[in-house]
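Here is a short briefing to read beside the sequence and the 3D view. Keep both open as you go through the points.

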Amino acid sequence: MTQLQINEVAPRDGFQSEASFIPTADKIRLIDALSVTGLARIETTSFVSPKAIPHLRDAAEVVTGIQRRTDVGITVLVPNVKGAERALAGGIDEVNLVMSASDSHGLANLRMTPTQSLEQFAAIIEAVRDHPQGRAVFINASLSTSFGCPFEGEVPQARVFELIEHQLALGVQGVTLCDTTGMANPAQVARLCEAAQSRFPDTPFTLHFHNTRGMGLANALAAWQTGITRFDASLGGLGGCPFAPGATGNVCTEDLVHMFEQMGVATGVDLDALLAASAILPDLVGHETPGQVVKAGKADRQYPIPSR
Ligand code: COA
Ligand code: ZN
C-alpha cells in the first residue's frame, strides 16, 4: 500500500487567516518542529502582495530562517512572477502556483480571472525555468474552488479539467484540487478524483479540503479510496482564505494522520511529535484550535478505571 504524503499548510493557509500577526521567530520555530515529524512537504509561507496578506509579509525571512532538511520539501504559494522571483531568491524546492476555477473567486482573491491567471502561470514557469536555481524546482498548481465557488455555486467538472489541461500544457507538474470553502461532499469527491486520475493518469494529484461543514475527513477518506495519496492538511485545523466568505480551517493534520494510522494506512508521520507541536498552537495564535485528537487523545488512549 502506498504511503501517504502529507503537505502541512498551517504556516501558509493557517497563519494567513489568523486575527493577528504571528511573530517571525515563532513561525520559524514551529516549521522547524514540524520538519522532523515525517511530513513530506511544508507549505512554509506565500510570496503574495503584503497588502493582500499582511500576515505573511515576512515570507523571505521565514524561508531563509528555517533549518533545511533533505527529507522534507519546502513549498511556497506564489500568485505571479514577482512572487516567484522572491521565492526563488530564498531557495525553495517547490512553487505552488495558485489560481481559481471560478471567475468571481479569482477576481476576489487574486484580481485575476482564470484566463488571466493562466497567462501569469506561463510567465511564472518561464521565470522559474530561466532561474539558475529554478531547474530543480517542482511546479505545482493549486486550483481553488474546484468543488464549488462561494459566489457562483457549482463549478462544472468540464471547466476544472479544461483548466488543468492548460496548466499541464504550460509545464505544471502536479495539481492540487482545492475545496476552498468546504463545499465538497464525499460522493462528489470520489467522482472528481476518479475522473481526474483517469483523464490525467501521469499527474500527481493532491487534495486540499477545508472542514467548514464537517466533511473534511470524510472527503479525505473518499479521495483515498479512489487512489489519492497526497493531501494538504493544517496543524490544529487552522486555515481559511481571507477572500472567500465563510471560509474556515483546513482538515486538521493530526486528525487526518490519526484516522489513517488507526485504519492501518501508513502516513510516515510521527503522530506524537505532531500532537506535541499542535499543543503549543493555542499559545501561538491566542485561541483554541479546532483539532480534536489533541484534545481527546488518541483512540487507543487508556484511561485508569475509576475506583469506587
Ligand atoms: N509579492 C510582493 N509584492 C507584490 C507581489 C508579490 N508577489 N505582487 C504584487 N505586489 C505588490 C506590487 O509591487 C504593488 O506594490 P505597490 O502598490 O507598492 O507598487 C502592489 O502589490 C500591487 O501590485 P499589482 O500587480 O497591481 O497587484 P494587484 O493589486 O492586482 O494584486 C495579487 C494581485 C495577486 C498580487 C494580490 O491579489 C495577491 O497577492 N493576492 C494573494 C491572495 C492570497 O494569498 N490569498 C490566499 C491564498 S489562496
Ligand atoms: Zn485552503
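A polar contact is a pair of N or O atoms within 3.5 Å; within protein, one must be able to donate a hydrogen and the other to accept it. Keep that cut-off in mind for T253: a polar atom of its side chain lies 3.0 Å from the backbone nitrogen of L235. The model is predicted.

**Ligand 1 and its shell**

- Ligand 1 is surrounded by 19 residues. The closest are S49, K51, K82, R86 and N109.
- The side chain of N109 has an N or O atom 2.7 Å from a nitrogen atom of ligand 1.
- The side chain of K82 has an N or O atom 2.9 Å from an oxygen atom of ligand 1.
- F47 takes part through its backbone: an N or O atom there lies 3.0 Å from a nitrogen atom of ligand 1.
- How much of ligand 1 does the protein bury? On its own, ligand 1 exposes 930 Å², and the protein buries 68% of that.
- By residue type, the shell around ligand 1 splits into 9 nonpolar, 5 polar and 5 charged.

**The zinc ion**

- Ligand 2 is a zinc ion. Its donors are D13 (OD), H208 (NE2) and H210 (NE2).
- The donor distances run from 2.1 to 2.2 Å.
- Along the sequence, the donor residues follow the spacing D-x194-H-x1-H.
- H208 and H210 are both buried.

**Cysteines**

- A disulfide is a covalent bond between the sulfur atoms of two cysteines.
- How many disulfides does the structure hold? The count is 0.
- C178 is in no disulfide. The nearest cysteine sulfur belongs to C241 and is 10 Å away. A disulfide needs two cysteine sulfur atoms within 2.5 Å.
- Is C178 buried or exposed? C178 counts as buried because its relative accessible area is 5%, and the cut-off for buried is under 20%.
- C193 is in no disulfide either. For C193, the nearest cysteine sulfur is that of C178, 12 Å away.
- C193 has a relative accessible area of 1%, so C193 is buried.

**T37: a loop residue**

- Where is T37 found? T37 sits in the loop between α2 (24-35) and β2 (41-46).
- Its relative accessibility is 2%, so T37 counts as buried.
- T37 and D270 are 233 residues apart along the chain. Their C-alpha atoms are separated by 5.2 Å.

**Q225: an exposed helix residue**

- Q225 has its place in helix α9 (residues 216-225).
- Why does Q225 count as exposed? Its relative accessibility is 58%, and exposed means over 50%.
- Q225 and A266 are 41 residues apart in sequence. From C-alpha to C-alpha, they are 14 Å apart in space.

**T253: a buried helix residue**

- T253 is found in helix α10 (residues 253-262).
- T253 has a relative accessible area of 0%, so T253 is buried.
- Its side chain holds the polar atom that lies 3.0 Å from the backbone nitrogen of L235.

Terms used. Residues numbered from 1 in each chain as written. Chains lettered and ligands numbered in written order. Predicted model: local features only at pLDDT ≥ 70, side-chain atom pairs only at ≥ 80, totals over all residues. Heavy atoms only, no water. Near = heavy atom within 4 Å. Areas by Shrake-Rupley, 256 points an atom, 1.4 Å probe, with all protein chains shown as cover. Nonpolar A, V, L, I, M, F, W, Y, C, P; charged D, E, K, R; others polar. Buried < 20%, exposed > 50% of the residue type's maximum accessible area, 1.4 Å probe, protein only. Donors = N, O, S within 2.8 Å, 3.2 Å for Na, K, Ca; no water. Helix = DSSP H or I, 4+ residues; strand = E, 2+ residues; numbered from the N terminus.
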